[in-house]
Structure formats: structure tokens, C-alpha cells
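Me: Hi, could you go through a structure with me?
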Amino acid sequence: MKPLAVEGVVKHYGDKTAVNGVSLEVAEGEIYGLLGANGAGKTTTMRMVLGLIFPDSGTIRYFGKGYGKEQLSMLGYLPEERGMYPKIKVSDQIVYLGQLRGMSRKDAEDNLGRWLKRFEIEEYRDKKVEELSKGNQQKIQFIAAVIHRPRILILDEAFSGLDPVNVELLKATVKELRDGGTSILFSTHRMEHVEELCRNIAIMHRSNPVLQGSLKQIKGRFPRERVVLAGEGPIQGLEKIPGVKGVVRHENDDYELKVANPEAAQSVLSHALAQGPIRKFELMEPTLNEIFIQTVGDRHE
Ligand SMILES: Nc1ncnc2c1ncn2[C@@H]1O[C@H](COP(=O)(O)OP(=O)(O)OP(=O)(O)O)[C@@H](O)[C@H]1O
């Protein structure tokens with residue numbers, strides 16, 4: 001039984017269709033990437049999963065069951081917008097939120113202590129949220145989402161507002177939660193984070209899911225059009241090879257080319273070898289960023 005199974009959910013706001021038939025499943029110990037341009041319907045989908053709004057049609061099942069009181073303590077949410085009370089102490093807010101989701105005061109306090117230590121912010125336990133930096137507020141918001149050990153965690157732009165060291169810290173935490181069995185629905189505009197963390201993804205565009213599946217399968221469906229090449233000196237005439245669309249980067253005898261097909265890549269290699277030894281040659285798979293731009297960009301008016 002999948003921790004989270006969304007089946008054909010639709011949501012309208014008046015005449016506007018915000019979500020038009022999204023289906024997805026998140027397994028135990030899986031991070032599922034929900035991607036899309038602004039206004040694609042990601043937040044609306046996540047809010048339906050959280051039971052904050054209800055779909056007009058379609059179903060959402062949590063370990064095989066519909067939404068109810070039991071699901072409240074099963075779900076954790078890190079919203080994109082900060083939602084903490086600025087004037088209230090960190091410990092009071094987090095412990096209260098933990099208790100709301102069924103924890104004892106003692107358990108919530110102990111767990112808060114562990115998280116503050118993990119995030120190296122123990123000194124802020126008794127500070128008001130407004131006294132913390134933006135990045136530390138984001139860590140507190142993260143703790144608020146996980147304090148009650150949810151089995152299904154919804155993360156919307158989890159790493160925004162953090163410096164690179166803290167991004168790594170939170171990324172490692174998300175991986176630990178995944179390895180501990182948490183099912184995570186992860187939404188972001190940062191494609192490199194999706195590449196690193198997610199096994200399966202859905203790309204939404206204007207309320208519709210337009211590309212869905214495992215990252216590996218999706219990448220296999222898109223042609224390899226980028227060649228990375230380096231010799232021991234400059235390589236002449238690369239742009240004149242039939243099938244080469246252009247040299248997109250050239251730095252210190254390192255080249256990156258766009259090619260029309262794999263045959264053109266082989267011609268590039270023979271052409272380069274005819275001029276001397278080759279240090280590097282690779283026909284690269286497309287990045288998720290390229291796939292995203294191609295998928296969503298092609299549909300933009
Ligand atoms: N409460 C609402 N009332 C009316 N329309 C809404 C409401 N919430 C969302 N919408 C509309 O539904 C569509 C999907 O919005 P949603 O917030 O789900 O997109 P998103 O993918 O999360 O975008 P972003 O990346 O900008 O956060 C948008 O066109 C938005 O204007």
C-alpha cells in the first residue's frame with residue numbers, strides 16, 4: 001500500500017482550472033519531484049494532498065485510506081511562504097505544533113532539542129522568531145514541518161533563503177528522512193536539487209501534468225545533443241563539421257558543442273583525433289534544466 005496515491009485530481013477556482021487531472025504515487029523512502037513554471041498548479045496539488053482544500057474530482061489515498069483526523073499527524077508541510085508567528089518564542093511555537101499533531105509536551109520538547117542541535121541553532125530555543133535571521137527562520141520552519149515525525153512530508157522550495165552550507169545541511173537532512181522511510185513530495189524550481197534528490201518526477205504546465213516518470217527514463221527519451229571535448233591544444237574547424245549546430249562554449253581548449261544526432265558526435269571525434277590526442281570526449285545526456293525548458297518552453301505561447 002503506497003503512503004501517498006493521488007489519482008486524477010481536478011481543482012477549479014470559478015472558471016479557472018488550477019489542476020487538471022494529476023496522478024502520482026510516492027513510495028516509502030522516496031522523494032518525488034513536482035515541477036512546473038509559476039502558476040502551473042503545484043501549490044494547489046500540494047494543498048489538496050494536505051487536506052487544506054478538497055479536489056472537485058479524483059481521489060487522494062494515504063496508506064490506502066481517505067483523508068481524516070488520522071492523516072493530520074501523518075502529514076508534514078513546509079510551505080514556501082514563512083508561516084511562523086514573529087513575536088512568539090521558537091520553543092513555544094514548535095512544541096504547540098507538535099502537540100496539535102498528537103505529541104506529548106515532553107516528546108515535542110525532546111525532539112525539538114534534537115533538531116536544534118542537528119541544525120546548530122540551540123541558542124535560539126528561547127528567542128522570538130523575529131529575532132532570527134531569515135535562514136535560521138527557515139530552519140525553524142523546517143523543524144515545524146518534521147517535529148511530529150510525519151510519514152508523508154511535503155516540501156515546497158525547502159532550500160530557499162539558505163546559504164550554500166545550510167543548503168547542504170538541509171539536503172543531507174532530507175536524504176536522512178528519505179532513508180528512514182519518509183515519503184517526500186518535493187517542489188522546487190532548482191533543477192539541480194531535483195537531479196540530486198528525486199527518483200520520479202512530474203512536470204506540470206498550466207494545470208496539466210505534461211511529463212511524468214522516472215528521471216532516468218525521461219532522460220533516455222530525450223536525444224543526446226551535447227558533446228564535451230578537449231584535446232591537448234586548439235581543435236580547428238569544429239563548427240564546419242556536418243551535423244554540428246554550433247560551439248556553445250570554448251574555454252582553454254575545452255569545447256562544448258551542440259550536435260544534431262549521435263552520428264555527428266562520432267564525426268566530431270574523428271575530426272578531433274585527426275588533429276592530435278584527445279583528453280576528453282563525452283556525448284552528454286540532457287540536463288533536467290534542458291528537458292524542463294524544452295517541455296515547458298515549447299508549450300508557452
Ligand atoms: N485561491 C485561488 N483562487 C483562485 N485562483 C487560484 C487560487 N489558488 C491558485 N489559483 C490559480 O491556480 C493556478 C495554479 O496556481 P498554483 O499556486 O497552484 O501554482 P504553482 O505551480 O504553485 O505556482 P508557483 O510556482 O508560482 O508557486 C494559477 O493560475 C493560480 O492563479
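Predicted model: local features only at pLDDT ≥ 70, side-chain atom pairs only at ≥ 80, totals over all residues.

Me: Which residues are around the ligand?
Reply: The residues around the ligand are Tyr13, Lys16, Ala18, Gly36, Asn38, Gly39, Ala40, Gly41, Lys42, Thr43 and Thr44. Two elements, β2 (16-26) and α1 (42-49), each give two or more residues to this shell.

Me: And which element gives the most to the shell around the ligand?
Reply: That is α1, which contributes three residues.

Me: How do the shell residues divide into nonpolar, polar and charged?
Reply: Around the ligand there are six polar residues, three nonpolar ones and two charged ones.

Me: New topic: how many residues does the largest nonpolar core have?
Reply: The largest nonpolar core has 59 residues, and those with the most contacts inside it are Tyr32, Ile143, Ile184, Leu185 and Phe186. Helix α5, residues 134-146, gives the most to this core, with six residues. Apart from this core lies another one of ten residues, including Leu229, Val244, Val259 and Val268.

Me: What does Tyr32 touch?
Reply: If residues up to four places away in sequence are not counted, Tyr32 touches Leu24, Val26, Ile184, Leu185, Phe186, Cys198 and Asn200.

Me: Now Arg105, where is that found?
Reply: Arg105 is found in helix α4, which covers residues 105-118.

Me: Does Arg105 count as buried or exposed, and why?
Reply: Arg105 counts as exposed because it has 11 C-beta neighbours inside 10 Å, and the cut-off for exposed is 12 or fewer.

Me: What is Arg105 in contact with, then?
Reply: Leaving aside neighbours within four places in sequence, Arg105 is in contact with Val95 and Gln99.

Notes. Residues numbered from 1 in each chain as written. Near = placed C-beta within 6 Å. Helix = DSSP H or I, 4+ residues; strand = E, 2+ residues; numbered from the N terminus. Nonpolar A, V, L, I, M, F, W, Y, C, P; charged D, E, K, R; others polar. Core = buried A, V, L, I, M, F, W, Y, C linked by C-beta atoms within 7 Å. Buried ≥ 20, exposed ≤ 12 C-beta atoms within 10 Å, placed from the backbone. Contact = placed C-beta atoms within 7 Å.
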